[in-house]
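Subject: Handing over the structure

Dear colleague,

I am passing on the structure below, and after it you will find an account of what was found. Please have it open while you read.

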Amino acid sequence: MSTVPSLQDRRIVLGLTGGIACYKAAELARELVKAGATVQVVMTEAAEAFITPVTMQALSGRRVFTSQWDAREANNMAHINLTRDADAVLVAPASADFLAKLAHGGADDLLSLLCLARPRDHCALLVAPAMNREMWSHPATQRNVAQLRHDGAVVLGPDTGDQACGEVGDGRMLEADELRDDLIAHLQAKLLVGKRVLVTAGPTFEAIDPVRGITNLSSGKMGFAIARAAQEAGAQVTLVAGPVSLSTPRHVQRIDVHSAQQMHDAVLPLAAAHDVFVATAAVADWRPATFAQRKIKKDGARSAPTFELTENPDILAAVARLPDRPYCVGFAAETDDLARNARDKLARKNVPLIVGNLGPATFGRDDNALLLVDARGERQLASADKLTLARELVREIAERLQAST
Ligand code: CTP
């Protein structure tokens, strides 16, 4: 299995400015390095009052730059050299003062200087504001942020909640893992901008009585990875999830359901407003015909109870029957004869694309291998981690969507 770290071969300049959120920047540097990035830390003088360059050097594995007069660069032009082969400058934390400086093109320290001097066509500027809520909501700050957005900067957050000063409100810097994921998303190809994608994921749970039910081993990981990959590609994503213990991908709207009927009832009214429907859920085919209001007791009965089953609605087939249906992608989890079963499903569900995988072998695992089956033929996506596969699948879907319109 090949696992491709999401920031492999990416070069990131991580800028720190003065703020208590500098403590989160240490964790962020670690997360970015773990995701495969080369991280060059640049700190302002105010940032050094909160965290030392020693810490940031140890975590990034590279010497930290703090001054525009740093003579280590042969040409003495750190403000030029550091961004020429960088993919992005991420300023986290970005103080109110630093945002003001950026908005006005100020350049009296190394970090602001390199933000101004960066090659804007291939080196994005992302800022993660961190400040007291009054400072954040002040018209001057809001004016500066609007100007920065207008100039092409990407503003990540801020979050809302408890602040270091004891107040509660907007202005907290996003957490390290959130900033990492937003940066990763920013660097993905924007293949689905303006598109709406609906995804079902996970198992369903068909209740027998208040404490028991029928379910299956689907973990939901593939569906959640597809929701994330579609969002990274610029789509607006709705994820209808059965009972799983997975965290929601960033900026994805999630609707939790339990049973197949609930999943059906959540999906059907939404489907026509979406451009793409990806049905990864392992929907239970049957449910108990009746629900016992109270726990079924053994009560000394001599024989085990028997349950009559009734068929659940087929969600994918129902969406595919809609007159203004989205582009429908079905999954086929099979134990054998993958290609033939997937092709059968393509016809039976009347959808343009079926993605086959060998079910029990992949349930709950982080990797998978997929077989794409459509009218053109078959295409194998080799074994990889589910997020890598999801990104490849999103590329394949975007290509077919483009061809179909
Ligand atoms: N599916 C669905 N609603 C159902 C059953 C399946 O939306 N009630 C979707 C799944 O999400 C998947 C595709 O249909 O995208 C195929 O699911 P699968 O369980 O493999 O197919 P079935 O139609 O149930 O056929 P079988 O179990 O006989 O293989």
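Where is the place of Pro158? Pro158 sits in the loop between S5 and strand S6 (159-162), where helices (H or I, at least four residues) and strands (E, at least two) are DSSP runs numbered from the N terminus. The peptide bond that joins Gly157 and Pro158 is cis, with omega at about 0°.

Before going further, please note that this is a predicted model, in which local features need pLDDT of at least 70 and side-chain atom pairs count only at pLDDT 80 or more, while totals for chains, interfaces and linings use all residues. Residues are numbered from 1 along each chain as its sequence is written, and side-chain values use heavy atoms, with hydrogens and water left out.

Most peptide bonds are trans.

Strand S3 (residues 88-94) is paired with S1 in the parallel sense over four bridges, two strands being paired if DSSP finds at least two bridges between them; here Gly15 stands opposite Val91 in S3. Strand S1 (residues 11-16) also pairs with S2, again in the parallel sense, over six bridges, and Thr38 in S2 is the bridge partner of Arg11.

These strands are part of an open sheet of five strands with parallel pairing, in the order S2-S1-S3-S4-S5. Its edge strands are S2 and strand S5 (154-155), each of which pairs on one side only. Although S2 is an edge strand, five of the six residues of S2 (residues 38-43) are buried, so this strand is largely enclosed by the rest of the structure; buried means under 20% relative accessible area, exposed over 50%, and partly exposed in between, with a 1.4 Å probe and protein chains only.

S1, helix H1 (residues 22-34) and S2 together form a right-handed β-α-β unit, right-handed meaning that, with the strands pointing away from the viewer, the path from the first strand over the helix to the second runs clockwise.

Asp9, in the segment before S1, has a positive phi of about 65° and is exposed, with a relative accessible area of 68%. Asp337, in the loop between strand S16 (327-334) and helix H13 (338-348), has a positive phi near 45° and is partly exposed, with a relative accessible area of 41%.

With best wishes
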